Amino acid sequence: MKDELQNRDVIDLLSERHELLRRLAEEKWNKHNNIYISNSEWCILGMVYKKQPMISDVAKDVDFTRQATHKFIKSLEAKGLVKVINVEHSKKHKAIHMTEFGQDCFEKNEHYKAEIEQQLINTIGEDQVTNLKKILMLNWNGYLEA
């Protein structure tokens, strides 16, 4: 496997590792829970957790279309994870509120991800994981252009 990774560029390496970690998180969730939540839905839940953002604000901050955002929110609502609520003084805007069940699911998933991170620390070392996180948190804007 090491030889296979030797000739990969940084984009492919990051993509493959991201895919591996996402798959591990999904498998861990599915092993312990009987409700399916997509990566896109997890993304929205992360934006809603402990907040009540407007649907329009969520739609602006995600990497999928407004139409897809509304579809994911409807799916989350059907699963009982969020509620769409009317906003005072506005008939046009609606906010998203995470239900108690949604909070429980989100917090459980955060725990599963922390377990996976701990496995990574056990495998490659705490310093390596800390350095990787620092690199990934750097501001890459201005250095990379499309």
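**Entry 1: a buried asparagine**

I started with Asn109, which lies in helix 6. The model is a predicted one, so I treat every value here as computed from that prediction. Is Asn109 buried or exposed? I found a relative accessible area of 4%, and because the cut-off for buried is under 20%, Asn109 counts as buried. Leaving out residues up to four places away in sequence, I listed its contacts: Asn109 touches Ala25, Trp29 and Trp42. Two of those names came back when I looked at rings, as Trp29 and Trp42 form one aromatic cluster together with Tyr112.

**Entry 2: the overall layout**

Next I stepped back to the whole chain. I counted seven helices and two strands in the protein. Read from the N terminus, the order of elements is α-α-α-α-α-β-β-α-α. The C-alpha atoms fill a box of roughly 60 × 40 × 25 Å along the principal axes. Of the 146 residues, 27% count as buried. I also checked sequence separation: among contacts with a separation of 6 or more, 53% come from residues 24 or more positions apart.

**Entry 3: helix 3 against helix 5**

How do the axes of helix 3 and helix 5 cross? I got an angle of roughly 85 degrees for helix 3 (residues 39-48) and helix 5 (residues 66-78), with the axes coming within 10 Å. The two helices are therefore roughly perpendicular to each other. On the helix 3 side, the contact is made by Ser40, Glu41, Ile44 and Leu45; helix 5 brings Thr69, Phe72, Ile73, Ser75 and Leu76. I sorted these contact residues by type and found five nonpolar, three polar and one charged.

Not counting residues up to four places away in sequence, Ile44 touches Val58, Phe64, Thr69, Phe72, Ile73 and Leu76.

**Entry 4: what helix 3 buries**

Which residues of helix 3 are buried? My list reads Glu41, Trp42, Ile44, Leu45, Met47 and Val48. I then asked what covers them, and the cover includes helix 2 (10-32), helix 4, helix 5, strand 1 (82-87), strand 2 and helix 6. Just after helix 3, I noted that Lys50 takes a positive phi of about 60 degrees.

**Entry 5: the nonpolar core**

I looked for the largest nonpolar core and found that it has 23 residues. Those with the most contacts inside it are Trp29, Ile37, Ile44, Leu45, Leu81 and Ile96. At least two core residues each come from helix 3, helix 4 (55-61), helix 5, strand 2 (90-98) and helix 6 (100-124). Helix 3 gives the most, with five residues.

**Entry 6: aromatic pairs**

How many aromatic pairs does a search of the whole structure find? It finds four. I took down the geometry of one of them: Phe64 and Phe72 sit edge-to-face, 5.1 Å centre to centre, with 80 degrees between the planes. Phe72 is buried, because its relative accessible area of 17% falls under the 20% limit.

**Entry 7: an exposed aspartate**

I ended with Asp63, in the loop between helix 4 and helix 5. Asp63 has a relative accessible area of 83% and is exposed. I also took one distance: Asp63 and Ser40 are 23 residues apart in sequence and 9.1 Å apart in space, C-alpha to C-alpha.

Key: Residues are numbered from 1 along each chain as its sequence is written. This is a predicted model: local features need pLDDT of at least 70, side-chain atom pairs count only at pLDDT 80 or more; totals for chains, interfaces and linings use all residues. Side-chain values use heavy atoms; hydrogens and water are left out. Rings of Phe, Tyr and Trp (its six-membered ring) pair if their centres lie within 6.5 Å; planes under 30 degrees apart count as stacked, over 60 as edge-to-face and the rest as tilted. Buried means under 20% relative accessible area, exposed over 50%, partly exposed in between (1.4 Å probe, protein chains only). Axes are lines fitted to C-alpha atoms, for helices over the stretch in contact, and angles run from 0 to 180 degrees between N-to-C directions. Helices (H or I, at least four residues) and strands (E, at least two) are DSSP runs, numbered from the N terminus. Angles under 35 degrees count as roughly parallel, over 145 as roughly antiparallel, 65 to 115 as roughly perpendicular and the rest as oblique. Contact means heavy atoms within 4.5 Å. Ala, Val, Leu, Ile, Met, Phe, Trp, Tyr, Cys and Pro count as nonpolar, Asp, Glu, Lys and Arg as charged, and the others, Gly among them, as polar. A nonpolar core is a set of buried Ala, Val, Leu, Ile, Met, Phe, Trp, Tyr and Cys residues joined through side-chain atoms within 4.5 Å.
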